[in-house]
Amino acid sequence: MDEFLNQLTKSIPALRRYAYALVRDSSIADDLVQDCLERGLNKRAQWQGEGNLKSWLYRILSNIHLNHYRSNKRNPLAQSSEIKENLTMSHQLQNPADQLDRIYLTDLDKAIAKLPEEQRQVLLLINLEGLTYKEVAQIKQIPTGTVMSRLSRARETLRKNMASSATASDQSGSTSHIRRIK
Amino acid sequence: MSKERFEGSELLHAYVDGELSPSENARVEQWLDTHPEDAKRVREWQRQNQGVQSLYADKADQEVPSHLIPGGRPQTSTTKPLIKSSALPRIAAAIIFLAIGSLGGWFGHDYLNLRNNDMPLRTVNDNALTSPAMEAHWVYTPEVKHPVEVTSDEQTHLAKWLSYRLEAPLTIPDLSNNGFQLMGGRLLPSSTGPAAQFMYENTEGRRVTVYLSRSDTDISLSSAREGEVAFQFKKNGSTRAFYWYDGPLGYAVIGDMEHNELSQIADNIYQQL
């Protein structure tokens, strides 16, 4: 396997994670990743080995997402089914702090889904993919200041939309360490 | 660095995201000590970050489906080169569905007339279960490449997923006693919301499907009142179905086989559910 394919293959798990968080449906996410990889392979000549291949793939995936996979085309009933399933199935109802976590996470998932696509992409590239502001600016081909304003708006929207569970979590966040020692 | 890179609240975001130098970090921490409102915002953003990780991060740890790997073998569940790989079979299925739906409607017509006198309401609802169950059986059992949406390799996921979508805990029946192995299952649309189909195959390649959908409220209430579950039978050509209602769900077992054999399978399933 040549270096390009090698690096491309290594990027797939991260691309799947990003895609999944964008569309919140495993099979749609994998379609998105597949489109991204195909486009990457086809445009291989355009990637001159400069810069990070993974960043380049993030850019392709983000563009395909904006152009073809906007979540408002999807059936709202289908949204977040897997998350909810994971949360309800894999976590038994243990202690109150965990229940608060579950409520918080369910709300957060919904609130993220409601963010405008551009804000969601920036938020996820930074929070989930762990990229720097500068890397995201290059991927999205926007100034760093725009990255920051989108991130800031996304976070404030999340905070407002989650006011109820956020207050509850604020309490548990500061006291749960103490309470859990038993 | 002479020029400030971040200003105002930008500094707080940059702090949360680890974009600051150690000295800038220290300055922000000092600031937060004396500004509880900002400290609260920062804590909330940090919690959002953790939440995003908890929600989505483990997706990267999952095994990559082989059809996504360049040069990897294409898997049964997805065709290789098409951009809209998953849409085409669905569209094809929808067209076949329409065609068979009208056929099934015609068959159902006779059936309705037959039963109409004694239990009109019940008959209509029964039809709502068995017709789509048979249609789904006819559409998907001949499939060679895509008989199921999720294969038996992911049985646990399949059960969880379909339980969630049908809003009822589903057990995937084990039919190995009858010589049939689970191939997998799929989610289907129905008039009462999401429905599920499980498909089984024996060593001769014969296939049986189990179809579940939410029953109409009337039915589930009346059967709950009666406190009993009765198997019912329906035949269409060489295709036979046993079906019954239990709790919130209607069940149908469909196969192209003799009455006796299918009845044993239905019994076996009922024992397990």
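**Exercise 1. Placing a tryptophan**

In which helix of chain B does Trp138(B) lie? State also how exposed the residue is and how far it stands from Thr209(B).

*Solution.* The model under study is a predicted one.
- Step 1. Trp138(B) belongs to helix α5 of chain B, which covers residues 120-140.
- Step 2. The relative accessibility of Trp138(B) is 26%. Buried residues are under 20% and exposed ones over 50%, so a residue in between is partly exposed. Trp138(B) is therefore partly exposed.
- Step 3. In sequence, Trp138(B) and Thr209(B) are 71 residues apart. In space, their C-alpha atoms are 9.7 Å apart.

**Exercise 2. Chain B as a whole**

Describe the secondary structure, burial, contacts and surface of chain B.

*Solution.* 
- Step 1. Chain B contains 8 helices and 7 strands.
- Step 2. The chain has 273 residues, of which 46% count as buried.
- Step 3. Consider the contacts in chain B between residues at least 6 apart in sequence: 56% of these join residues at least 24 apart.

**Exercise 3. The nonpolar cores**

How many residues does the largest nonpolar core have, and which have the most contacts inside it?

*Solution.* 
- Step 1. The largest core has 67 residues. Leu61(A) and Tyr56(B) are those with the most contacts inside it.
- Step 2. Helix α1 of chain A, residues 3-23, gives this core its largest share, namely 11 residues.
- Step 3. There is also a second, separate core of 28 residues. It includes Leu158(B), Leu162(B), Phe180(B) and Leu212(B).

**Exercise 4. A helix of chain A**

Compare the span of helix α8 of chain A with the expected value, and list its buried residues.

*Solution.* 
- Step 1. Helix α8 of chain A runs over residues 144-161 and has 18 residues.
- Step 2. From the first C-alpha to the last, the helix reaches 26 Å. This is close to the 26 Å expected at 1.5 Å a residue.
- Step 3. The buried residues of this helix are Val147(A), Met148(A), Arg150(A), Leu151(A), Ala154(A), Arg155(A), Glu156(A) and Leu158(A).
- Step 4. An α-helix has 3.6 residues a turn, so residues three or four places apart point the same way. The list in Step 3 may be read with this in mind.

**Exercise 5. Aromatic rings**

Classify the ring pairs Phe233(B) with Phe242(B) and Trp244(B) with Tyr270(B).

*Solution.* 
- Step 1. A pair of aromatic rings is described by the distance of the centres and the angle of the planes. The whole structure holds 6 aromatic pairs over all chains.
- Step 2. For Phe233(B) and Phe242(B), the centres are 5.2 Å apart and the planes make 50°; the pair is tilted. Phe233(B) is partly exposed at 32% relative accessibility, whereas Phe242(B) is buried at 6%.
- Step 3. The ring centres of Trp244(B) and Tyr270(B) are 6.0 Å apart, with the planes at 90°, so this pair is edge-to-face.
- Step 4. The pair links distant parts of the chain, 26 residues apart: Trp244(B) is in strand β6 (residues 239-246) and Tyr270(B) in helix α8 (residues 259-272) of chain B. Trp244(B) is buried, with a relative accessible area of 0%, while Tyr270(B) is partly exposed at 30%.
- Step 5. Trp244(B) and Tyr270(B) form one aromatic cluster with Tyr251(B).

**Exercise 6. Charges over rings**

Over which rings do Arg47(B) and Arg186(B) lie?

*Solution.* 
- Step 1. The charged end of Arg47(B) sits over the ring of Tyr104(A), 4.0 Å from its centre.
- Step 2. Arg186(B) lies over the face of Tyr140(B), with 3.6 Å to the ring centre.

**Exercise 7. Positive phi values**

Where do Arg24(A) and Glu167(B) lie, and is each buried or exposed?

*Solution.* 
- Step 1. Most residues other than glycine have a negative phi. Arg24(A) has a positive value, near 60°, and Glu167(B) has one near 55°.
- Step 2. Arg24(A) is in the loop between α1 and α2 (26-42) of chain A. Glu167(B) is in the loop between α6 (155-166) and β2 (181-188) of chain B.
- Step 3. Arg24(A) is buried at 2% relative accessibility, whereas Glu167(B) is exposed at 63%.

Definitions and conventions. Residues numbered from 1 in each chain as written. Chains lettered and ligands numbered in written order. Predicted model: local features only at pLDDT ≥ 70, side-chain atom pairs only at ≥ 80, totals over all residues. Heavy atoms only, no water. Core = buried A, V, L, I, M, F, W, Y, C linked by side-chain atoms within 4.5 Å. Buried < 20%, exposed > 50% of the residue type's maximum accessible area, 1.4 Å probe, protein only. Helix = DSSP H or I, 4+ residues; strand = E, 2+ residues; numbered from the N terminus. Expected span 1.5 Å × (residues − 1). Contact = heavy atoms within 4.5 Å. Areas by Shrake-Rupley, 256 points an atom, 1.4 Å probe, with all protein chains shown as cover. Phe/Tyr/Trp six-rings, centres within 6.5 Å; stacked < 30°, edge-to-face > 60°. Lys NZ or Arg CZ within 6 Å of the ring centre and 35° of its normal.
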